[in-house]
Amino acid sequence: MVLNLVIIGLAITLEPVTLVAFILILGAEQGIRKGLAFSLGWTACLVAVIAVVVLVTGGKPPEPGTAPSTAALLVKALLGALLIWVGLRQRRRMGRPRKQPAWMARLDHLSPWAAAGLGVFLQPWTLVAAGAATVVQAKLSTAGDWLALVVFCLLATSSFLVMELYAAFAPAAAGARFEQIHTWIDTHQDQAIVVGSLVVGAWLLGNSIYLIVS
C-alpha cells in the first residue's frame with residue numbers, strides 16, 4: 001500500500017496542468033490568499049475521498065481472492081490502462097497548439113471561494129481514483145497505517161504548500177522562480193504528461209494483474 005500511495009501521491013502533486021494553474025493563481029491579484037483557498041479546497045476534496053473509502057471499508061480490506069478484492073484490483077488495472085491510453089494519446093498530439101482555458105484569463109477577479117472550487121475541479125481524478133482503490137485494499141490496524149494515509153494526502157498537496165510558503169516569505173524570488181518553472185512546463189508539458197501517465201499507468205496495471213493472478 002505505502003509504495004502505491006507514494007507513487008500516486010507524487011504523480012498527483014507533480015501534475016503539470018495543475019502546477020501551471022497554481023502558479024498563475026499565485027501571480028494574480030491577492031494571489032497568496034487565493035492560493036491558500038485553492039490548496040484548502042484541493043486538500044479537503046482529497047481527504048473527503050479517502051475518508052469516504054475508509055468509512056465504507058471500515059479500514060478492513062476485502063479478503064484476497066473474493067469478488068470485492070478482485071473488483072478493487074480490476075478498477076486499479078482499468079485506471080492504469082486509462083493512464084496508458086492518456087499517455088499514448090498525448091504522445092500523438094505532441095507539438096499541437098494548446099488552447100488556454102477561459103478561466104485562466106479571469107484569475108484577477110477570482111474569489112477565494114471560486115479558487116477553492118477550482119482546487120476541487122482540477123483534481124487529477126484518475127489518479128485520485130487510483131489512490132482510493134489502493135486505500136480499499138489497506139488494512140488500517142496500526143498507527144503506521146493511518147500515518148501512511150496522512151503522508152499520502154500531504155504528499156499529494158506538497159507542491160502547493162511549498163510554493164505557497166515560498167511566495168509568502170520571499171515573493172520577489174518566488175515570482176522569478178515560478179516564471180522559470182512555468183516556462184519549463186510550457187516547453188515540456190507534453191513530455192511530462194506522456195512519461196508520467198505511462199509510468200504510473202504501467203505500474204498500476206502491472207501490479208494489479210500480478211496480484212490478481214498470484
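This is a predicted model: local features need pLDDT of at least 70, side-chain atom pairs count only at pLDDT 80 or more; totals for chains, interfaces and linings use all residues.
Residues are numbered from 1 along each chain as its sequence is written, and side-chain values use heavy atoms, with hydrogens and water left out.

Biologist: At what angle do the axes of helix 3 and helix 5 cross?

Modeller: Helices here are DSSP runs of H or I with at least four residues, numbered from the N terminus, and their axes are lines fitted to C-alpha atoms over the stretch in contact, with angles running from 0 to 180 degrees between N-to-C directions. The axes of helix 3 (residues 31-57) and helix 5 (residues 112-121) come within 7 Å, and they cross at roughly 40°.

Biologist: Which term describes helix 3 relative to helix 5?

Modeller: Angles under 35 degrees count as roughly parallel, over 145 as roughly antiparallel, 65 to 115 as roughly perpendicular and the rest as oblique. The axes cross at roughly 40°, and that makes helix 3, relative to helix 5, oblique.

Biologist: How are the rings of Phe38 and Phe160 arranged?

Modeller: Rings of Phe, Tyr and Trp (its six-membered ring) pair if their centres lie within 6.5 Å, and planes under 30 degrees apart count as stacked, over 60 as edge-to-face and the rest as tilted. The centres of Phe38 and Phe160 are 5.4 Å apart with the planes at 80°, so the pair is edge-to-face.

Biologist: How many residues apart in sequence are the parts that Phe38 and Phe160 tie together?

Modeller: Phe38 belongs to helix 3 and Phe160 to helix 7 (residues 143-169). The pair therefore ties together parts whose separation in sequence is 122 residues.

Biologist: Is Phe160 buried or exposed?

Modeller: Buried means under 20% relative accessible area, exposed over 50%, and partly exposed in between (1.4 Å probe, protein chains only). Phe38 has a relative accessible area of 0% and is buried; at 0% relative accessibility, Phe160 likewise counts as buried.

Biologist: Which residues do ring pairs link into a cluster?

Modeller: By the ring rule, the count comes to 6 aromatic pairs. Ring pairs link into a cluster the residues Phe22, Phe38, Trp42 and Phe160.

Biologist: Which residues of helix 7 make the contact with helix 2?

Modeller: The axes of helix 2 (residues 16-27) and helix 7 come within 11 Å and cross at roughly 20°, which means that helix 2 is roughly parallel to helix 7. With contact meaning heavy atoms within 4.5 Å, Thr18, Leu19, Phe22, Ile23 and Leu26 of helix 2 meet, on helix 7, Ser159, Phe160, Met163, Glu164 and Ala167.

Methods:
Helices (H or I, at least four residues) and strands (E, at least two) are DSSP runs, numbered from the N terminus.
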